[in-house]
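These are my notebook entries on a structure that I had not examined before. I recorded what I looked up, one topic at a time.

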Amino acid sequence: MNDQQLPAWADPSVSPASLDPQGVSRRRLLRGAGLFGAAFALGSAAVPAAASESGDDPRLSYLVGDHHIHTVYSHDAKYTFSQLAAAGAKFGLDWMVFTEHSNFGHAKYGAPLEHEEILKARAENPRQLIFQGLEWYIPAAEHCTVFTAPGPNEVELLTLFESAYDGKLLGWTEGAVGAADTARNEAHAVKAIQWLAEQRRTGFVDDVLVLANHPMRLGIDSPHEMRNWRDAAPEIMIGMEGAPGAQGAAIPGWRGTTGIRGEYENKPSAQSWPGYPLEAYRTYGGFDWATATVGGLWDAMLAEGRLFSITTNSDAHRIVFDTWKNGDWLPGQTFDNTGRLPDPVNTDTPQPGSDFWPGQFSRTHVGVTRYGYRSVMAGLRAGRVWLDHGHLLDGLEVRLKRDCDHGRGVTLGGRLRVRKGERLTLDVTVTSASRPNPQGILPELAHVDVIRGAVRGPAADRDSWRAPDTKVVHTRDVSGRKGTYTLRIPLVAGDEPFYVRLRGSDGNRNGAGHLGASVDPHGPIVHEPGNGDPWADTWFYSNPIFVDVKGV
């Protein structure tokens with residue numbers, strides 16, 4: 001099969017029926033905060049085509065989810081779909097993506113069997129949106145979540161994609177600088193994303209999205225590769241994990257004295273991109289260095305004026321303090337000839353693990369205008385996303401508008417068009433945590449930071465990870481504030497485009513950022529190895545809002 005052309009099986013006439021029920025309200029609105037009314041508007045949540053002149057994005061409600069979850073259909077996990085879906089429901093998730101590792105057993109047997117269990121999990125949890133996905137081994141790089149909207153071709157798309165483009169199955173993992181196969185492998189990753197875009201364009205599937213997973217864990221996702229993936233199809237390759245799973249990897253006394261949150265316990269290898277500093281291989285407040293560094297790689301991509309979203313998730317494989325273990329194989333069975341592990345059995349004794357249940361600690365909040373699979377995917381694509389750890393907030397609503405406007409304003413992922421020198425107001429509406437989190441702690445937000453960066457257009461050096469004009473420009477102390485309140489932060493448009501994004505924490509651990517206190521005076525910091533209690537160091541982050549300046 002020529003992977004640059006539409007394959008014969010992708011019949012453009014096939015279009016799965018919509019799974020979005022009309023006029024269905026979310027079952028609860030941000031723990032009863034009632035920020036956005038009791039029902040959804042019926043408008044779509046499409047990507048804004050251009051900057052808004054008046055700034056009047058639709059009213060939104062936020063659905064909470066996790067796009068990176070593993071079951072017995074991954075060779076290194078242990079739970080059933082039913083166990084994980086029930087856990088997600090317990091911890092308040094509205095949507096989940098099951099992302100099994102690609103391998104020969106999965107490619108040959110696992111995906112169709114997995115789909116039967118997903119259908120069962122959907123039936124058992126009718127108020128959850130349960131997606132089927134894949135954790136793709138990117139040729140020459142790390143992993144990505146790939147997932148589709150439910151429909152008649154979701155399994156076929158994933159299995160064909162896995163066979164044709166997975167770096168592990170192809171043996172195309174080489175990515176070292178200067179190695180003979182690196183250029184070919186990197187080009188194949190770009191073709192893979194373009195192929196997915198073609199399947200969406202022709203209607204073979206209603207929708208498909210890709211997100212890079214734990215990008216700095218091994219240092220093998222270079223800046224130019226991430227830019228190449230995004231540029232191949234920005235409507236498909238929409239972002240990366242801002243914070244990885246495995247957040248329980250450094251609970252004191254649990255895994256030992258070397259544990260780091262996210263299992264970011266690595267050093268540079270021959271495969272690593274040599275331009276990253278040693279600090280890139282650690283997490284900061286549980287967040288990936290690329291996201292946590294103000295003026296770092298995420299900001300360098302945003303400074304090009306193009307949206308690149310962040311998320312957080314559980315990456316659930318083996319849950320901390322859980323007592324289940326993998327079951328025993330029957331004679332002659334292996335993962336390669338079955339495509340799945342035996343069902344787990346309970347031991348009543350805590351088993352090794354680094355992860356939390358889906359929704360237990362890490363949450364990605366997606367703004368939608370109606371309830372449904374395609375609405376979640378549209379909200380992700382539009383960048384209407386914020387994330388938190390430890391259930392730090394019940395709700396966050398962000399709007400930016402010109403002072404002369406009376407509309408609702410532009411929200412996360414959006415664009416506002418202004419004149420040079422115009423005065424703007426950033427409204428940040430926070431709903432504080434109203435109940436103890438799963439650890440029994442009532443989280444308290446201590447501060448909200450506004451980060452602003454200049455937009456300078458495409459990077460001349462596609463391996464640049466610096467955004468030198470991005471820094472923290474406002475900090476608001478909100479210690480002790482409860483309920484729902486709005487921070488009104490004044491901004492002035494200069495003579496060049498810019499973006500703003502938000503960050504905040506419980507205030508327990510902070511210090512000067514990687515690029516210095518003048519850029520980030522109190523950002524997240526690295527914990528001591530083996531001493532990283534995640535519940536004691538929680539943060540929220542938001543996607544950016546872009547501001548285009550007329551005449552520039």
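In what sense do β14 and strand β16 pair, and over how many bridges? I noted first that the model is a predicted one. I then found that β14 and β16 (residues 423–432) pair in the antiparallel sense, over 9 bridges.

Entry on burial of the strand. I checked strand β14 (residues 393–402) and found 9 of its 10 residues buried, so β14 is largely enclosed by the rest of the structure.

Entry on the cores. I looked up the largest nonpolar core, which has 93 residues. The members that touch the most other members are Trp95, Phe131, Trp136, Phe161, Leu196, Trp229 and Leu380. Helix α5 (residues 182–202) gives the most to this core, namely 6 residues. I also recorded a second, separate core of 32 residues, which includes Leu392, Val428, Leu487 and Ile545.

Entry on Trp95. Leaving out residues up to four places away in sequence, I listed what Trp95 touches; among these residues are Leu63, Val64, His67, Leu129, Phe131, Val366 and Leu380.

Entry on Thr182. I located Thr182 in helix α5. Thr182 counts as buried because its relative accessibility is 7%, and the cut-off for buried is under 20%. Apart from neighbours within four places in sequence, Thr182 is in contact with Ala140, Glu174, Gly175 and Ala176.

Notes. Residues numbered from 1 in each chain as written. Predicted model: local features only at pLDDT ≥ 70, side-chain atom pairs only at ≥ 80, totals over all residues. Heavy atoms only, no water. Core = buried A, V, L, I, M, F, W, Y, C linked by side-chain atoms within 4.5 Å. Buried < 20%, exposed > 50% of the residue type's maximum accessible area, 1.4 Å probe, protein only. Helix = DSSP H or I, 4+ residues; strand = E, 2+ residues; numbered from the N terminus. Contact = heavy atoms within 4.5 Å. Pairing = 2+ DSSP bridges.
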